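Q: I'd like to learn how to read a structure residue by residue. Could you walk me through a few features?

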Amino acid sequence: MGQNSSQGGKMTTPVRVIVIGAGNRGDNYSHYASIHPERVKVVGVADPRKFARTKLQQQHKVVDENIFEDWPSVIEREKFADAVLICTPDRLHKEPAVAFAQKGYHILLEKPMATTAEDCRAIVEACTQSGVILSVGHVLRYDPLIHMIKELIDAGVIGDVMHIQHFEPVGFYHFAHSFVRGNWRNEAESSFSLLAKSCHDIDLIHHWAGARRCLKVSSFGSVSHFRKKHKPTGAGDRCLDCAIEKDCPYSARKIYLDRVKQGHTGWPVSVICQSSDPDIESVTKALKTGPYGRCVYECDNDVCSNQVVNMEFEGGLTAAFSMVAFTEEICNRKTTIYGSKVGVCRGETTTPT
Ligand SMILES: NC(=O)c1ccc[n+]([C@@H]2O[C@H](COP(=O)([O-])OP(=O)(O)OC[C@H]3O[C@@H](n4cnc5c(N)ncnc54)[C@H](O)[C@@H]3O)[C@@H](O)[C@H]2O)c1
């Protein structure tokens, strides 16, 4: 990357990055710079939320002049880093990706790459024309188990791959948090849940299928449970005022308030307050007034809570994928791959993506 060089596999100059979107993912990725300062240095941050950009500014000692309220302000400046980490909401990926590519920045772009195929093509074209590296945040590709499955397949250990069965248990409170009350609940504001949540999984099935093209797809899903008609009798509109909240698995009191009382301030608690240091008071306020305190049967959600995808690839390889919200396990994916040698590759990943 540009002027960054490596000697014997070791970076001699850290890659200078600007974090575009200092929310949950921007924070996660830039944490790598704290662990490996010899490899990565955060030299700029852009985010409209003051508390979010200030947190990263302080953590990485970024000079004031490199702190921005939005991504276009970074574009207006002369290029001052090697790469950008684009961690903005789903519908705000294409514009910054194209603009930063044209400016000559290498890019780590969060998944989903974009919400339409047309926008994905525009991003690829801009990166190709500028000759910059584009990497999309399909982080599961780097999971050791996923990698091992691919190595075993490529080494022919199970013969030709005949069938891939892959299951993603999203987790009941994870689903309620992100896809009923939270940022990915509504397709018009973000994207459909198969793209928002399971693009990792569809990507993995393609990864394991290798060079074979997918020829046929069928898919069905539904917004099965989280609807007004399933609201239990006697339930309130907000969990903190609800008479039957104690018996509800989706109780916001249990998901957020009980956690913060036990000293847990990480995800999902960290996401719901407009502060970098959530406490009982700020979490209570968020549940009384904000989206995360709403009854799960009274939200403006429209994304599927369970979906199946069947795929047929060249050569007859078939794949079956299921995504289900109503599980105790969170993202503990299960995969079984059947091969012509009557061999089986089996794996369980615990990466929470
Ligand atoms: N790779 C994964 O496994 C994974 C996991 C979760 C989320 N994601 C994806 O990462 C992206 C970010 O998700 P998140 O959970 O961090 O969301 P988030 O809401 O916590 O963070 C997004 C940040 O972007 C900022 N932002 C909005 N407009 C901006 C602008 N004009 N300029 C600069 N910043 C702006 C917001 O203020 C916010 O802080 C999403 O596309 C999401 O789908 C990927």
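Predicted model: local features only at pLDDT ≥ 70, side-chain atom pairs only at ≥ 80, totals over all residues.

Q: Is His166 buried or exposed?

A: His166 counts as buried, because its relative accessibility is 3%, and the cut-off for buried is under 20%. The side chain of His166 also makes a polar contact of 2.8 Å with that of Thr335.

Q: Now helices. Which residues of helix α12 are buried?

A: First the general idea: an α-helix has 3.6 residues a turn, so residues three or four places apart point the same way. In α12, which spans residues 280-289, the buried ones are Val283, Ala286 and Leu287. These residues sit on the same side of α12 because they cover an arc of only 95° around the axis. On the other side, Glu281, Lys285, Lys288 and Thr289 are exposed.

Q: What do the buried residues of α12 pack against?

A: Their partners are α10 (252-261) and α11 (269-272).

Q: And how many disulfides are there in the whole structure?

A: The search finds zero. A disulfide needs two cysteine sulfur atoms within 2.5 Å. For Cys239, the closest cysteine sulfur is in Cys248, 6.3 Å away, so a bond is ruled out by distance. Cys331 is in no disulfide either, with the nearest cysteine sulfur, in Cys199, 12 Å away.

Q: What is the relative accessibility of Cys331?

A: It is 0%, so Cys331 counts as buried. Cys239 is buried too, with a relative accessible area of 8%.

Key: Residues numbered from 1 in each chain as written. Heavy atoms only, no water. Buried < 20%, exposed > 50% of the residue type's maximum accessible area, 1.4 Å probe, protein only. Helix = DSSP H or I, 4+ residues; strand = E, 2+ residues; numbered from the N terminus. Arc of directions from axis to C-beta. Contact = heavy atoms within 4.5 Å. Polar contact = N/O pair within 3.5 Å; in protein donor to acceptor, adjacent residues only side chain to side chain.
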